[in-house]
Amino acid sequence: MSPENCMFNSWKVIAFFDWEEVWISASILDLATCIQNFCYKDNKLDKELFNTIISSYESIRPLTKKEKENIVNALKYVWFTLSVWTFLQFKLYHPNVDKVKRYLFYWEVWLDTLSPDDLNNKLQ
C-alpha cells in the first residue's frame, strides 16, 4: 500500500484502492510495502510510525515467528523491486523525475547493509 493508493479525508484514510496487481503472496510483503511507503520522514525511519503500523497490523493478524525473523528480508525485497520498477516506469517509460527521486534513497539507506539487529537497534 502506498499513499497514492489511499483516499484521505482530513488526514484519515477512508478507502484503499490498489487492485491492478492483486496476487497471492507472503503477507509480510504487503506489510513491508506499507512500512516502506509510510514510515519514513525526510528519508529516515520514523520509529513511532513503524511501531504503530506493526501494532495495528498485529492487532488483527499477529506476525508469526518466521515473519518477525524475516521482516528485514521482506523490506530489502520490497525496496529493491519497487526501486527497479519505479526506475523503469518513471525514468524510461513515463518520465517523472519526482517519482524517481522518491525511491532513489532506498539505495542509500539499508538496501545492502540492513540486518535484523540494525532494525531492532533503530526501534529501541
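A crossing of two helices is right-handed if the near helix is turned clockwise from the far one by less than a right angle. The legends below describe a predicted model.

**View 1. Helix 1 crosses helix 2 in a right-handed sense.** The axes of the two helices come within 10 Å and cross at roughly 150 degrees. Helix 1 is therefore roughly antiparallel to helix 2, as angles over 145 degrees count as roughly antiparallel. On the helix 1 side, the contact is made by S27, L31, C34, I35 and F38. Helix 2 contributes L49, F50, I53, I54 and Y57 to this contact.

**View 2. The largest nonpolar core of the chain holds 18 residues.** Among its members, L31, I35, I53, I54, I71 and L75 touch the most others. At least two core residues come from each of helix 1 (27–38), helix 2 (47–60) and helix 3 (65–93). Of the residues named here, L31, I35, I53 and I54 also take part in the contact between helix 1 and helix 2.

**View 3. The chain is built from five helices and four strands.** Along the sequence, these elements follow the pattern β-β-α-β-β-α-α-α-α. Of the contacts between residues at least 6 apart in sequence, 61% join residues at least 24 apart.

**View 4. The accessible surface of the chain comes to about 8600 Å².** Carbon and sulfur atoms account for 58% of this surface. The chain has 124 residues, and 31% of them are buried.

Technical notes: Residues are numbered from 1 along each chain as its sequence is written. This is a predicted model: local features need pLDDT of at least 70, side-chain atom pairs count only at pLDDT 80 or more; totals for chains, interfaces and linings use all residues. Side-chain values use heavy atoms; hydrogens and water are left out. A nonpolar core is a set of buried Ala, Val, Leu, Ile, Met, Phe, Trp, Tyr and Cys residues joined through side-chain atoms within 4.5 Å. Buried means under 20% relative accessible area, exposed over 50%, partly exposed in between (1.4 Å probe, protein chains only). Contact means heavy atoms within 4.5 Å. Accessible areas come from the Shrake-Rupley method with a 1.4 Å probe; for residues, only the protein chains shown count as cover. Axes are lines fitted to C-alpha atoms, for helices over the stretch in contact, and angles run from 0 to 180 degrees between N-to-C directions. Angles under 35 degrees count as roughly parallel, over 145 as roughly antiparallel, 65 to 115 as roughly perpendicular and the rest as oblique.
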